[in-house]
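Have the model open while you go through them.

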Amino acid sequence: MNSPSSPNTNYLLLAAFLLFSQSVLTVSRNLDLKLLRQLNHVGKDDSPTYIWPLPLQYTSGNQTLTVNPNLALFTSGNGGGSRIVSQAFERYKRIIFEHASLKLPTAGVDYDLSKLTILVHSDDEELQLGVDESYNLLVAASNAHSVIGEITIEANSVYGAVHGLETLSQLCAFDYGTKTVKLYNAPWYIQDKPRFEYRGLLLDTSRHYLPIEIIKQVIESMSFAKLNVLHWHIIDEESFPLEVPSFPNLWKGAYTKWERYTIDDASEIVEMHFKLFHIKSAEAFSLSSYEYECSNSVITKIQLLQKIGINVMAEVDVPGHAESWGTGYPDLWPSSSCREPLDVSKNFTFDLISGILSDMKKIFPFGLFHLGGDEVNTGQYLLDFLPVVLITVTTSICRLQDHSMSAKDAYKYFVLRAQEIAISLNWTPVNWEETFNSFPTSLNPKTVVHNWLGAGVCPKAVAKGFRCIYSNQGFWYLDHLDVPWESVYYTEPLEDITDASQQKLVLGGEVCMWGETADASDVQQTIWPRAAAAAERLWSAPESGSSRNSTTVLQRLEYFRCLLTRRGVPAAPVGYAFSITNASEHYLTDVKFEGAYVEEEKPTYKIVTLQKLVSPYGNVFQFFCLKTDTASVLLEASASIQALQDQIEDMLHTLSGKQTTMLTGEKRSNLSKQGIVLSTISRS
């Protein structure tokens with residue numbers, strides 16, 4: 001039915017769109033998935049669908065349509081006139097027609113698609129967790145039997161419309177031969193909505209300062225994968241870079257005077273003011289006369305408010321991870337030699353926290369606020385923990401004794417009091433899982449538990465009625481470069497939670513880009529493309545056919561990574577954290593080392609020589625990989641053959657688990673005879 005020779009195709013698609021458009025925008029909005037899959041593959045092979053993340057439901061055809069570079073926007077509905085819609089249209093128009101000349105003649109040129117209609121039902125532009133992000137997208141071509149030659153996006157909110165524009169942009173590609181933009185596999189009918197309402201990325205700007213423009217680039221790239229929450233880990237024990245007007249000495253804890261964020265900087269990140277483009281005339285980008293007049297010159301850069309659907313959740317991690325606070329206010333430290341956790345015994349500590357949160361409330365309107373609470377060294381609160389503690393925190397200890405507090409009591413008191421401050425400012429507190437693990441019955445019931453240490457926390461939290469965010473460090477910590485994209489992709493946030501009411505308490509998940517080992521030079525390469533793997537897990541239905549086929553997923557992820565690079569996002573190659581080239585294998589029966597141990601004369605072990613192993617950041621590494629039928633261990637190459645042999649000896653002992661024998665002399669051979677070159681490891 002998707003053949004171009006079928007005269008009623010567009011009529012049927014339009015009827016389907018009108019019939020089902022409301023279904024995806026209401027509670028009962030599920031088409032029969034089996035039928036949709038059948039429709040999707042009528043007259044087609046099983047080639048991948050190159051949309052990332054994969055839509056909930058869709059049908060497509062086999063037509064290729066040309067798109068007019070002067071694509072016209074028509075809006076309707078209560079929210080159709082929103083500047084968010086018109087600005088998003090201009091943003092995506094520039095993305096889609098990046099290579100298409102705006103001077104191409106349109107008169108006499110018969111483009112298939114010249115009109116985009118966006119229908120937005122609600123005029124509510126508030127961006128909060130749970131906002132309706134669903135949309136419908138219809139692409140139909142005009143022919144002798146239909147006057148429809150347009151694209152239609154329908155959504156309940158402006159943010160659903162923005163997602164629809166992102167999907168539309170991924171359907172289009174520039175044809176370098178004809179110098180035109182083409183939309184492939186039309187006609188399209190897409191019904192889409194996210195699986196989880198919280199789809200986050202943590203960005204750490206304390207361990208390494210990140211310039212404002214880098215942060216904004218990260219936020220824009222998040223919109224390409226339909227992530228919707230930037231978790232901004234602004235401050236930590238290493239540095240305090242944020243301006244706090246109520247306590248102006250706090251940012252003395254920044255690395256330097258120029259590695260700081262002013263209030264205006266933070267507001268710019270939240271509101272996403274982009275320096276978008278150079279303009280020569282108002283007509284060049286279909287700007288209104290008002291927007292053009294605001295430029296103040298013929299050629300200038302314009303900053304337009306770009307609400308692209310990304311919430312910003314700030315974090316103030318207390319009472320641990322706060323040593324930098326005391327640089328400006330030493331009274332926050334229990335003593336000069338004991339600089340964290342923050343002193344729980346002083347009212348000044350909580351007055352300062354209240355001041356910080358009050359100032360930040362003016363900047364961060366998002367309903368969630370992260371209060372940290374992880375990795376607190378409660379030993380510093382103990383009365384009789386160690387003699388050195390008695391020496392270094394005498395003042396704090398005496399006051400704890402006066403309050404009859406144990407170490408755990410002090411930790412709990414601090415967390416709960418910080419929660420009260422946040423709730424008084426109309427924020428919902430988010431805390432790392434240690435707070436739940438330590439005193440679940442005392443936590444405010446509004447608390448959102450943020451999992452990170454490992455599996456099993458979300459099921460326990462939701463069973464007690466708490467909401468939860470999933471960030472298992474074994475899979476979704478992006479600074480763990482040894483975690484491959486497959487592990488990120490196939491990790492399930494619900495963790496076998498089967499009760500429907502408890503499943504709803506899992507808000508979603510978050511990949512974390514901690515900054516100890518990444519800075520402005522490589523942070524985006526470290527985020528992408530593995531963050532996209534998690535983004536699809538959080539957006540797309542797990543039963544999607546494409547998501548179950550790892551080969552198909554890999555093809556689609558590689559395509560999306562290329563899309564990111566075409567849009568200026570420096571995404572690393574898909575694969576493991578390192579791309580391996582020129583690998584050769586040598587069985588241990590052929591390559592022997594003096595002192596190496598094997599379990600028999602002709603073992604099944606083998607050595608994989610990675611003669612050139614290049615990271616996405618240009619660093620060259622060299623490794624040997626010791627393999628068995630059930631294990632694989634990377635061994636760093638060394639300038640010393642003896643050092644390498646020692647590594648192999650240790651590994652063989654570990655892997656065999658059996659009595660081993662020394663190889664005889666005639667079974668030894670030299671590494672160099674096998675073409676193996678040892679080199680030192682080069683690191684940045």
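Before starting, a cut-off: buried means under 20% relative accessible area, exposed means over 50%, and partly exposed is what falls in between. Keep in mind that this is a predicted model.

**Exercise 1. Track down the disulfide and give its handedness.**

Solution. 
- Step 1: Searching the whole structure turns up one disulfide.
- Step 2: Cys458 and Cys468 are the partners, with 2.3 Å from S to S.
- Step 3: Now place them: Cys458 belongs to helix α13 (residues 457–463) and Cys468 to strand β17 (residues 467–470), ten residues apart.
- Step 4: The torsion about the S-S bond of Cys458 and Cys468 is about -70°, so this disulfide is left-handed.
- Step 5: Check burial too: Cys458 and Cys468 are both buried.

**Exercise 2. Classify two ring pairs.**

How many aromatic pairs are there in total, and what is the geometry of Trp52 with Phe560 and of Tyr477 with Trp514?

Solution. 
- Step 1: The total is 24 aromatic pairs.
- Step 2: For Trp52 and Phe560, the ring centres are 6.1 Å apart and the planes lie at 25°, so this pair is stacked.
- Step 3: Trp52 is in the loop between α2 (33–40) and β1 (57–59), while Phe560 is in helix α20 (residues 550–566), 508 residues apart. Trp52 is buried at 1% relative accessibility, and Phe560 is buried at 1% as well.
- Step 4: For Tyr477 and Trp514, the centres are 6.0 Å apart with planes at 55°, so this pair is tilted. Tyr477 is in the loop between α14 (473–476) and α15 (485–489), and Trp514 is in the loop between β18 (506–513) and α17 (523–527).
- Step 5: Back to Trp52 and Phe560: they form one aromatic cluster with Trp485, Tyr489 and Tyr490. Tyr489 also has Arg537 over its face, at 4.7 Å from the ring centre.

**Exercise 3. Follow the salt bridges.**

How many salt bridges does the structure hold, and what does Glu133 pair with?

Solution. 
- Step 1: The structure holds 15 salt bridges.
- Step 2: Glu133 pairs with Arg199, their closest N and O atoms being 2.7 Å apart.
- Step 3: Glu133 lies in the loop between β3 and β4 and Arg199 in strand β9 (residues 198–204), so the bridge ties together parts 66 residues apart in sequence.
- Step 4: Glu133 is buried at 5% relative accessibility, and Arg199 is buried at 0%.
- Step 5: Asp204 and Arg207 also meet in a salt bridge, at 2.9 Å from N to O, and both are buried. They belong to a salt-bridge network that also takes in Asp236, Glu238 and Glu516.

Terms used
Residues numbered from 1 in each chain as written. Predicted model: local features only at pLDDT ≥ 70, side-chain atom pairs only at ≥ 80, totals over all residues. Heavy atoms only, no water. Disulfide = S-S within 2.5 Å. Helix = DSSP H or I, 4+ residues; strand = E, 2+ residues; numbered from the N terminus. Buried < 20%, exposed > 50% of the residue type's maximum accessible area, 1.4 Å probe, protein only. Phe/Tyr/Trp six-rings, centres within 6.5 Å; stacked < 30°, edge-to-face > 60°. Lys NZ or Arg CZ within 6 Å of the ring centre and 35° of its normal. Salt bridge = Lys/Arg side-chain N within 4 Å of Asp/Glu carboxyl O.
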